Amino acid sequence: MTIDPRSVVYVAGHRGLVGSAVRRRLEAAGFSRLIGATSAELDLRDRDATFAFLAEHRPDVVIDAAARVGGILANRDHPTEFLSDNLRIQVNLMDAALAVRTPRLLFLGSSCIYPKYADQPIRESSLLTGELEPTNDAYAIAKIAGIMQVQAVRRQYGLPWISAMPTNLYGPNDNFDPASSHVLPALIRRFHEAASTDAAEVVLWGTGTPRREFLHVDDLADACLHLLEHYDEPEPINVGVGTDVTIRELAELVARTIGYTGTISTDPSKPDGTPRKLLDVSRLSALGWKPGIDLADGVASTYAWYRGQLGGAE
Ligand SMILES: NC(=O)C1=CN([C@@H]2O[C@H](COP(=O)(O)OP(=O)(O)OC[C@H]3O[C@@H](n4cnc5c(N)ncnc54)[C@H](OP(=O)(O)O)[C@@H]3O)[C@@H](O)[C@H]2O)C=CC1
Ligand SMILES: C[C@H]1O[C@H](OP(=O)(O)OP(=O)(O)OC[C@H]2O[C@@H](n3cnc4c(=O)[nH]c(N)nc43)[C@H](O)[C@@H]2O)[C@@H](O)[C@@H](O)C1=O
């Protein structure tokens with residue numbers, strides 16, 4: 001299924017890590033009729049406003065990259081908002097898209113939808129086979145509901161909507177706030193500040209032993225376009241790189257990239273989360289897609305981007 005570059009594409013959440021990368025990828029592919037709205041302009045939790053926006057623009061394609069997103073502590077400490085906001089955002093968006101019969105929609109979930117102790121690497125068929133990781137169960141349940149909504153619309157209305165489940169992402173426009181960010185931007189900031197101040201020690205949350213898989217967001221954006229053109233099944237499809245590292249290994253890579261030579265220690269009073277969540281990407285590979293940015297290069301370019309954002313504030 002080729003997507004005509006003259007299509008009207010609504011990227012919900014276009015200023016975020018994922019949405020901004022998807023926009024860049026679509027622009028590079030010649031799409032010129034991209035629409036978007038900030039959360040201040042259109043709060044997707046507002047059902048009437050969301051219906052009015054979709055009725056006005058009638059997009060050919062909707063990519064849902066709008067969500068309340070955060071790292072392990074933000075998820076653990078704000079389950080109410082992670083459940084309620086995400087349910088409302090995705091239900092309103094998909095109901096409004098259904099009302100105007102949007103022909104193609106991509107819903108983005110996350111690898112945290114799978115059971116905490118799923119067999120590794122995690123196949124899509126692991127969904128709903130075991131207990132969730134408690135630090136992000138509220139968020140995961142919202143995302144699982146989104147997958148179900150896509151499947152229900154496909155079954156009842158025959159629209160070729162799809163869901164993709166990315167692994168942990170990073171890249172430009174990530175959230176670098178120490179309290180609410182994911183691990184990779186958190187470590188870039190912490191090691192940068194430690195190197196700048198000659199700090200003797202950098203402390204990692206948790207034990208440093210959990211394993212995570214990291215995908216550069218430009219690769220995810222490329223995969224999103226590939227899926228819109230090549231994937232049309234009700235099951236969600238995993239998007240990852242197929243390899244993972246321990247958090248300590250990630251920290252050592254970030255330290256090397258930044259030139260930090262002090263001690264790296266751990267704080268086991270902070271949660272580890274799930275011990276491992278490596279995605280099985282064989283279904284995506286069979287569609288002819290593979291990632292292009294390796295982790296060391298991706299960390300280096302993201303660090304360069306971060307420094308660029310600091311400008312004169314360093
Ligand atoms: N980051 C990661 O590691 C991963 C992310 N994902 C998924 O990718 C998607 C995007 O995540 P990511 O880009 O990282 O998140 P970001 O926080 O970077 O971006 C989220 C975007 O959602 C928008 N948004 C939030 N709330 C609302 C609202 N009420 N109304 C309208 N827009 C809203 C924000 O808009 P504004 O800027 O205008 O406020 C923001 O641009 C999510 O579905 C997430 O689950 C999946 C796996 C891993
Ligand atoms: C994408 C995914 O993101 C979340 O899950 P997570 O993978 O556990 O996310 P995380 O990136 O925050 O942590 C990864 C690991 O890293 C360790 N860690 C060390 N030091 C820091 C640190 O400084 N910050 C953070 N955040 N983590 C740290 C941390 O203790 C953990 O062991 C979900 O809530 C869910 O929202 C989701 O879908």
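Helix α1 (17–28) and strand β6 (168–170) each supply at least two residues of the shell around ligand 1; helices (H or I, at least four residues) and strands (E, at least two) are DSSP runs, numbered from the N terminus. The biggest giver to this shell is α1, with three residues. Here a residue is near a molecule or strand if its C-beta atom, placed from the backbone, lies within 6 Å of it. On that basis 25 residues sit around ligand 1, and G13, G16, V18, T38 and S39 come nearest. Sorted by class, the shell has 12 nonpolar, nine polar and four charged residues, where Ala, Val, Leu, Ile, Met, Phe, Trp, Tyr, Cys and Pro count as nonpolar, Asp, Glu, Lys and Arg as charged, and the others, Gly among them, as polar.

A word on the model itself: it is predicted, so local features need pLDDT of at least 70, side-chain atom pairs count only at pLDDT 80 or more, and totals for chains, interfaces and linings use all residues. Residues are numbered from 1 along each chain as its sequence is written, while chains are lettered from A and ligands numbered from 1 in the order in which they are written.

Now for ligand 2. It has 23 residues around it, and G71, H182, A186, G206 and G273 come nearest. Two or more residues of this shell come from each of α3 (72–77), α6 (183–197) and β7 (201–205). The split by class is 10 nonpolar, 10 polar and three charged. Ligand 2 lies between domain 1 (9–172 + 215–242 + 278–293) and domain 2 (183–209 + 245–276 + 303–313), because both give residues to its shell; the domain bounds come from an automatic or database domain assignment.

Next, the sheet. Six strands form an open sheet in the order β2-β1-β3-β4-β5-β10, with parallel pairing; two strands pair if DSSP finds at least two bridges between them. At the edges are β2 (34–35) and β10 (237–239), each pairing on one side only. Two bridges join β1 to β2, with V9 opposite L34. Between β4 (104–108) and β5 (162–166) there are three bridges, and L106 has I162 as its partner.

In β1, V9 and V11 point one way and Y10 and A12 the other, and all are buried, meaning that 20 or more other C-beta atoms, placed from the backbone, lie within 10 Å of a residue's own. In general, side chains in a regular strand alternate between the two faces of the sheet.

Methods: A residue is buried if 20 or more other C-beta atoms lie within 10 Å of its own, exposed if 12 or fewer, and partly exposed in between; C-beta atoms are placed from the backbone.
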